[in-house]
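Let's take a walk through a protein structure together. Have a look at the chain below, and then we'll go through its parts one by one.

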Amino acid sequence: MANYDILRLLYDYFPMAVNTGQSLVFISEDWKVELWEHRNASFGLARPSGPSIRVKIFKKTLNGDFVLGHHQDFQLDSLNELAQQIERYIQFAVGQNIRENV
């Protein structure tokens with residue numbers, strides 16, 4: 001599955017995100033979350049066949065800049081399960097329901 005296809009399908013699941021063509025971005029007053037296709041050559045031939053998405057969580061500083069707090073890679077064969085686990089991770093990381101607030 002191509003990068004554009006994965007992001008497009010995830011955008012269907014997360015319509016509140018902004019699709020930049022390279023990533024999906026959620027933004028609020030305090031948080032920015034980015035979803036990127038992640039490629040890691042060190043995975044080698046044992047790499048699972050499902051899409052690999054890196055979720056980056058940024059926290060807004062007092063001066064208004066967004067600073068990367070942490071990131072997590074997701075690689076699940078089912079797109080539905082991938083989207084659900086990404087949503088759950090973001091909700092726990094920012095403490096908000098992304099479908100409503102982020």
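## The overall layout

Follow the protein chain along its sequence and you get the pattern α-β-β-β-β-β-α. In other words, the chain has 2 helices and 5 strands. Keep in mind that this is a predicted model.

Here are some figures for the whole chain. There are 102 residues in the protein chain, and 35% of them count as buried. The chain exposes about 6100 Å², with carbon and sulfur atoms supplying 49% of that area. Now take the contacts between residues at least 6 apart in sequence: 45% of them join residues at least 24 apart.

## The sheet

In what order do the strands of the open sheet line up? The order is E1-E2-E3-E4-E5, and the pairing is antiparallel. Strand E1 (18–19) and strand E5 (66–75) are the edge strands, each pairing on one side only. As a bit of background, strands in a sheet pair through backbone hydrogen bonds, and they can do that either parallel or antiparallel.

Now let's go pair by pair. E1 and strand E2 (residues 24–27) are antiparallel partners over 2 bridges, and here Val18 stands opposite Val25 in E2. E3 and E4 also run antiparallel, joined by 7 bridges; Trp31 stands opposite Lys59 in E4. E4 and E5 are antiparallel too, with 9 bridges joining them, and Phe58 stands opposite Leu68 in E5. The hairpin of E4 and E5 has 5 residues between the strands, and in that hairpin Gly64 takes a positive phi near 95°.

## The nonpolar core

Which residues touch the most other members of the largest nonpolar core? Out of its 21 residues, the answer is Leu10, Phe14, Leu35, Val55, Ile86 and Ile90. Several elements give two or more residues to this core: helix H1 (3–13), E2, strand E3 (31–37), strand E4 (52–60) and helix H2 (79–94). The largest share comes from H2, with 6 residues.

## A tucked-away serine

Is Ser23 buried or exposed? Ser23 is buried, because its relative accessible area is 3% and the cut-off for buried is under 20%. You'll find Ser23 in the loop between E1 and E2. Leaving aside residues up to four places away in sequence, Ser23 touches Leu7, Val18, Leu35 and Trp36.

## Rings that pair up

How many aromatic pairs does a search of the whole structure find? The search finds 3. One of them is Phe14 with Phe26, an edge-to-face pair at 5.4 Å centre to centre, with 85° between the planes. Phe14 lies in the loop between H1 and E1 while Phe26 lies in strand E2, so this pair ties together parts that are 12 residues apart in sequence. Both Phe14 and Phe26 are buried. Phe14 and Phe26 also belong to a cluster with Tyr13, linked by ring pairs.

Phe74 and Tyr89 make up another edge-to-face pair, 5.5 Å centre to centre and with 70° between the planes. This pair links distant parts of the chain, since Phe74 is in strand E5, Tyr89 is in helix H2, and 15 residues separate them. Phe74 counts as buried at 11% relative accessibility, and Tyr89 is buried as well, with a relative accessible area of 19%.

## Charges over rings

The charged end of Lys32 sits over the ring of Phe58, 4.7 Å from the ring's centre. The charged end of Lys59 sits over the ring of Trp31, 4.6 Å from its centre.

Finally, where does Asn97 lie? Asn97 is in the segment after H2. Asn97 counts as partly exposed because its relative accessible area is 27%, and partly exposed covers the range between the 20% cut-off for buried and the 50% cut-off for exposed. Asn97 and Glu87 are 10 residues apart in sequence, and their C-alpha atoms are 8.4 Å apart in space.

Methods. Residues are numbered from 1 along each chain as its sequence is written. This is a predicted model: local features need pLDDT of at least 70, side-chain atom pairs count only at pLDDT 80 or more; totals for chains, interfaces and linings use all residues. Side-chain values use heavy atoms; hydrogens and water are left out. Two strands pair if DSSP finds at least two bridges between them. Helices (H or I, at least four residues) and strands (E, at least two) are DSSP runs, numbered from the N terminus. Buried means under 20% relative accessible area, exposed over 50%, partly exposed in between (1.4 Å probe, protein chains only). Contact means heavy atoms within 4.5 Å. Accessible areas come from the Shrake-Rupley method with a 1.4 Å probe; for residues, only the protein chains shown count as cover. A nonpolar core is a set of buried Ala, Val, Leu, Ile, Met, Phe, Trp, Tyr and Cys residues joined through side-chain atoms within 4.5 Å. Rings of Phe, Tyr and Trp (its six-membered ring) pair if their centres lie within 6.5 Å; planes under 30 degrees apart count as stacked, over 60 as edge-to-face and the rest as tilted. A charge sits over a ring if NZ of Lys or CZ of Arg is within 6 Å of the ring centre and within 35 degrees of the ring normal.
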